[in-house]
Amino acid sequence: APTTGNVVAGTIVAVTGNYYVSQTVGGCESARATKIVTVFDPEEPTAANQTLCQGATVTDLEVTSTNGNVSWYADATGGTALPLNTVLVAGDYYVSQTTGTCESGRTMIMVTITPLPGEPVGAATQTFTAGETIADLDITTETGAVITWYMNTGGDLEEVPVTTLLTDGTVYFVTQTLNNCESDYLQITAEEALGSDAFETSGFMAYPNPMGELLTIRNKTNITAISIVNLLGQEVLNVKADTETVTVDTSKLGAGTYIVKVSAESGESASLKVIKM
């Protein structure tokens, strides 16, 4: 009260309102000065248990607050607020909100971490013929995975459709998503193979294609080496030669698609996609 009443004990919890203070010197009490007190009692923010992908950080946590000024902790009380770039692990986290200089109590949530799926499997370099699209690149993914393709556009990866035409020397990126978690990228460099017409134009010929138990390769100059590679980039056959016509025994190769790489003494080299029936 401004003039009468009892002295308020120092242990009384303050509430919003007017308080009055005096000082006493030599047994004489001064008049009372008025102090207006505003008490903030911020509510705890609202947050629910959350399931996040491996690698998620504090910034990925969702919370509803009245002012957006929230802090996350690893402990129910005490400790220091977690930096926003802290990588989350499975367990309990606690969040408060601050109004002015007053911090609320902490709301507890349980965080579950879902492991990332492995990246798709495929050769880092794959050969294609003109007109083929991203869908023709050979990758292996987990059952039920959602496949997403990307290209680098000015420093940023941009999602592209599977109908995108392949271009020579371009690097393509592919991920797989399971349980709403996206894997790391598999990078595939596309290299354009010469078709049979291009081979013939430059002096190369390879026949028959599709091949059976034998594949014959001819050139205007001596052929020095022939390498046959599967679509995983594994060399399955290597032949050394020193003649313009070479017949390769392909009887031990399984049915499928292969890349035949030919080197000639003229310094020329070329690749051709062939099919084994």
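In the hairpin that S11 and S12 make, with 2 residues between the strands, Gly154 has a positive phi near 65°.

First, the ground rules. This is a predicted model, in which local features need pLDDT of at least 70 and side-chain atom pairs count only at pLDDT 80 or more, while totals for chains, interfaces and linings use all residues. Residues are numbered from 1 along each chain as its sequence is written, and side-chain values use heavy atoms, leaving out hydrogens and water.

When I say strand, I mean a DSSP run of E with at least two residues, numbered from the N terminus. When I say that two strands pair, DSSP finds at least two bridges between them.

Strand S11 covers residues 146-153, and strand S12 covers residues 156-160. The two pair in the antiparallel sense over 5 bridges, and Trp149 stands opposite Val160 in S12. S11 also pairs with S13, again antiparallel, over 6 bridges. There, Ile147 stands opposite Gln176 in S13.

Phi of Asn179 is near 55°, a positive value in a residue other than glycine. Asn180 is not a glycine either, and its phi is positive at about 65°. Are these residues buried or exposed? Buried means under 20% relative accessible area, exposed means over 50%, and partly exposed is in between, with a 1.4 Å probe and protein chains only. Asn179 has 66% relative accessibility, so it counts as exposed. Asn180 counts as exposed because its relative accessibility is 76%. Asn179 is also 65 residues from Thr114 in sequence, while their C-alpha atoms are 7.9 Å apart in space.

Now the loop between strand S16 (205-207) and S17, where Pro208 is placed. Pro210 is found in that loop between S16 and S17 as well. Which peptide bonds are cis here? One runs from Tyr207 to Pro208, with omega near -10°. Another joins Asn209 and Pro210, with omega about 10°. Pro208 counts as partly exposed because its relative accessibility is 41%. Contact, from here on, means heavy atoms within 4.5 Å. Leaving aside neighbours within four places in sequence, Pro208 is in contact with Leu214 and Leu215. From Pro208 to Val274 is 66 residues in sequence and 8.9 Å in space, C-alpha to C-alpha.

That brings us to the interior. A nonpolar core is a set of buried Ala, Val, Leu, Ile, Met, Phe, Trp, Tyr and Cys residues joined through side-chain atoms within 4.5 Å. As background, nonpolar side chains tend to be buried together in soluble globular proteins. The largest nonpolar core in this model has 18 residues, and Ile217, Ile226 and Val260 have the most contacts inside it. At least two residues of this core come from each of strands S17 (214-230), S18 (235-249), S19 (256-264) and S20 (269-276). S17 gives the largest share, 5 residues. Take Val260 as an example: beyond its neighbours within four places in sequence, its contacts include Ile217, Ile226, Ala270 and Val274. Another core lies apart from this one, with 12 residues, among them Phe128, Leu166, Val174 and Ala190.

S19 and S20 deserve a word of their own. They run antiparallel and are joined by 8 bridges. Val262 has Ala270 in S20 as its bridge partner. The two strands form a hairpin with 4 residues between them, and Gly267 in the turn has a positive phi of about 95°. S20 is largely enclosed by the rest of the structure, because 6 of its 8 residues are buried.

Last, the largest pocket. On a 1 Å grid over the protein atoms alone, a pocket is an open set of points where a 1.4 Å probe fits, with protein on both sides within 12 Å along at least five of seven lines; lining residues have an atom within 4 Å of a point. Points are joined across faces, edges and corners, and volume is the space filled by probe spheres set on them. How much space lies in the largest pocket? About 310 Å³. It is lined by 13 residues, and Asn6, Val7, Val8, Tyr20 and Arg32 lie nearest its centre. Strand S1, residues 17-21, gives the most to this lining, with 4 residues.
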